[in-house]
Amino acid sequence: MKVFIDANILLDIYQLSGPDLEELRKLKKMVETGHAQLLISSQVEDEFWRNRERVIADAMKRFKESKANAHIPNIMRNYPETKELRGAVEKVNAVVRQLHDKATAEIEVDSLKADQVIKELFSAFSIGQITPDMIDRARLRADLGNPPGKKGSIGDAINWEWLLSQEMDFWEDELILISADGDFESELSRGRPREYLLREWSSKHPFSGLVLSKSLTDFLKSRFPDIQLAEEFEKIKFVEELENSRSFAATHRALEKKSQNMRTSRSLRLRG
């Protein structure tokens, strides 16, 4: 399968209710072990960096506002427990301030764990370049009122034109479109691509399916429900190599490769 991940999914990592970093690590490991091909356009990369600061600022503001309060009525203030309650509230708020200051310091030096994982994702896989012709087609699509896209924005249309230009390698290959953007979703059948997009995709790639997933978590749960950690993709890859090996030499190479990976992982943990 080929997996397209939209900028709004990457930006969700910074949100209060977004997926945790392990989900993004799972995606990266899934691609590294050959279970999928990741498609990221330069439009997605630009959109991510264009909106990152705003999303982080919003998340930090909302977190800072999550202070504890204890409004104690006069009729309860003579209870000894009220002092304990006030102390607990002050402790919670002190921890909130401490976490806020710690995250702010990491933001200023560009060392957030989320940033590191996303940078690894961008650097590990090739970024598809958007051509002037794709931009022209996206503008025409917007002028005609064809999906996807919002009024005054052609970002989704640019990504869709880029996706249409991709080569699908095998019959019955799939494109998994992971996006929380409602412009890709059917208004009649939630969780499915728009009928117009399905028809257009089928016309361009008649032997390839188009599937929409609204979140990275939903995609991983639906396709790999038993995977809890990113490292488990390596175990699956190892088993597949053993099952597909038809000679003693091939089996030996697979075992040796697994042994080397285990030694490397052990060495990295000891250094850390």
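This is a predicted model: local features need pLDDT of at least 70, side-chain atom pairs count only at pLDDT 80 or more; totals for chains, interfaces and linings use all residues.
Y79 is partly exposed, at a relative accessible area of 44%. I then looked up where Y79 sits: it lies in the loop between α3 (42-64) and α4 (81-108).

Next I checked the surface around this residue.

**Aromatic rings**

I turned to the rings. How many aromatic pairs does the structure hold? I found 6.

I looked at F48 and W49 as one of these pairs. Their ring centres are 4.8 Å apart, and the planes make an angle of 75 degrees. The pair is edge-to-face because that angle is over 60 degrees. Buried or exposed, what is F48? F48 is buried, with 0% relative accessibility. W49 is partly exposed, at 35%.

My next pair was W160 and W201. The ring centres lie 5.9 Å apart and the planes stand at 45 degrees, so I noted this pair as tilted. Where do the two residues sit in the chain? W160 belongs to helix α7 (residues 155-164), and W201 belongs to helix α8 (residues 195-204). They are 41 residues apart, and the pair links distant parts of the chain.

W160 is buried, with a relative accessible area of 0%. W201 has 2%, which is under 20%, so W201 is buried too.

Last, I looked for a cluster. Y14, F48, W49 and F122 form one aromatic cluster.

Notes. Residues are numbered from 1 along each chain as its sequence is written. Side-chain values use heavy atoms; hydrogens and water are left out. Helices (H or I, at least four residues) and strands (E, at least two) are DSSP runs, numbered from the N terminus. Buried means under 20% relative accessible area, exposed over 50%, partly exposed in between (1.4 Å probe, protein chains only). Rings of Phe, Tyr and Trp (its six-membered ring) pair if their centres lie within 6.5 Å; planes under 30 degrees apart count as stacked, over 60 as edge-to-face and the rest as tilted.
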